[in-house]
Amino acid sequence: MTHFTQTCRKSSLAAVALILTACTAAPSPSYSHDSTVRIFETLASDAMQGRRAGSPGGIKARSFIIDEMRALGAFDSISEHPFTAQPRGEGGAPVQAVNIHGLIDTDDGDTGPLFVITAHYDHLGERDGEIYNGADDNASGAAALFAIAQSFMTAPPNHDVLFIWYDAEEMGLQGAKYFVAQDSFADRPVFNMNLDMVSQNTEGEIYASGSYHMPALKPILEQSAAGKDITLVFGNDRPEDGGNDWTLQSDHAEFHRAGLPFVYFGVVDHPHYHKASDTFATIPLEFYERSVELIVQAAHDLDENLDMLARARPTSE
Ligand SMILES: [Zn+2]
């Protein structure tokens, strides 16, 4: 188990106590790193055949995720959301893809800000007889969602949290497109935290991308990273970054296109990116542990600030 030191936090429940004590310690978020790594390794294993949307491997990955969600017991509801995905640039028939939702439902009457935490679970499948395991991309992020969900069991969120394991990201963000198209979010503010490739880096660096569009993110996430043995880098989110502008390069793009605020966590591209060599064996697990630790802390800090973040208007570039 990874435990965080107790911090002084303000929550609505603690508001009265604050008057009396000046500082009310929130429960420490905790989760099992070993369990997160087990889920990561299983999703990246050959048994999942590269998790291509609509393939037997993709279906297997989906049942594994749902079984793990049920076993964890963190969610008030679990649901599957099928849609038709069209493979791009490969011809072929449309496939049945499925997003997986897990909701932590607080008693806010479903009108307060909604925190949507996302990671795609699909990858490229098999090509020329080789399995593309997609360990970093994105078994790493799909497993990290479990660490966040588990941490909210000991330190409950202030807002409703919807976890989504997206399908068909590799076919062109189709799971995220489907989700955003289903809901106008006119009735409640929303904020998206997206994880895609959070485990493969030799410099000890992870990016939080999106603060260009929403500068208020930076001080919050700097606080999340304070004292942690990982370097949090901001950027790769400006139009002048060209190919390194990640604003439209993973599922958070669909929130951005809809004018909704997001932050994206990920590593810089590496030699294993979209190669058959993106396997669990290549992952620096020490870095992954640091990365997930930061991401879990960031999820709690973003939840603390969600009223402001979800109502902010990001720049539209
Ligand atoms: Zn990818």
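Student: What spacing do the donors of the zinc ion follow along the chain?

Tutor: The spacing is D-x32-E-x103-H. Keep in mind that this is a predicted model.

Student: Which residues coordinate the zinc ion, then?

Tutor: Asp137 gives an OD atom, and His274 gives NE2.

Student: Where do Asp137 and His274 lie?

Tutor: Asp137 lies in helix H4, residues 135-154. His274 lies in the loop between strand E12 (262-266) and helix H8 (285-304). So the pair ties together parts that are 137 residues apart in sequence.

Student: Is Asp137 buried or exposed?

Tutor: Asp137 counts as buried, because its relative accessibility is 2%. The cut-off for buried is under 20%.

Student: And what does His274 count as?

Tutor: His274 counts as partly exposed, at 26% relative accessibility.

Student: What about the angles at the site of the zinc ion?

Tutor: Angles among the four donor atoms run from 54 to 146°. The site is irregular.

Student: New topic. What else lies in the loop between E12 and H8?

Tutor: Asp269 does. Asp269 is exposed, because its relative accessible area is 52% and the cut-off for exposed is over 50%.

Student: How far apart are Asp269 and Met197?

Tutor: They are 72 residues apart in sequence. In space, the C-alpha to C-alpha distance is 8.8 Å.

Student: Back to H4. How do H2 and H4 pack?

Tutor: Helix H2 covers residues 33-43. H2 and H4 pack at an angle of about 145°, and their axes are 8 Å apart. The crossing is right-handed.

Student: Which residues in H2 meet H4?

Tutor: Thr36, Ile39, Phe40 and Leu43. Their partners in H4 include Ala135, Asp136, Ala139 and Phe146. The residues of this contact divide into 10 nonpolar, two polar and one charged.

Student: Which residues are buried in helix H5?

Tutor: H5 spans residues 174-182. Gln174, Gly175, Ala176, Phe179 and Val180 are buried there.

Student: What covers the buried residues of H5?

Tutor: The cover includes strands E3 (77-85), E4 (95-104), E5 (114-120) and E8 (160-166). Helix H7 (252-257) is also part of the cover.

Student: Zoom out. How many helices and strands does the chain have?

Tutor: The chain has nine helices and 12 strands. Of its 317 residues, 57% are buried.

Student: Among contacts between residues at least 6 apart in sequence, what share joins residues at least 24 apart?

Tutor: That share is 79% in this chain.

Definitions and conventions
Residues numbered from 1 in each chain as written. Predicted model: local features only at pLDDT ≥ 70, side-chain atom pairs only at ≥ 80, totals over all residues. Heavy atoms only, no water. Donors = N, O, S within 2.8 Å, 3.2 Å for Na, K, Ca; no water. Tetrahedral: all angles 85-135°; square planar, octahedral: opposite > 155°, others 65-115°. Helix = DSSP H or I, 4+ residues; strand = E, 2+ residues; numbered from the N terminus. Buried < 20%, exposed > 50% of the residue type's maximum accessible area, 1.4 Å probe, protein only. Contact = heavy atoms within 4.5 Å. Axes fitted to C-alpha atoms, helices over the stretch in contact; angles between N-to-C directions. Left-handed = near helix turned anticlockwise from the far one by under 90°. Nonpolar A, V, L, I, M, F, W, Y, C, P; charged D, E, K, R; others polar.
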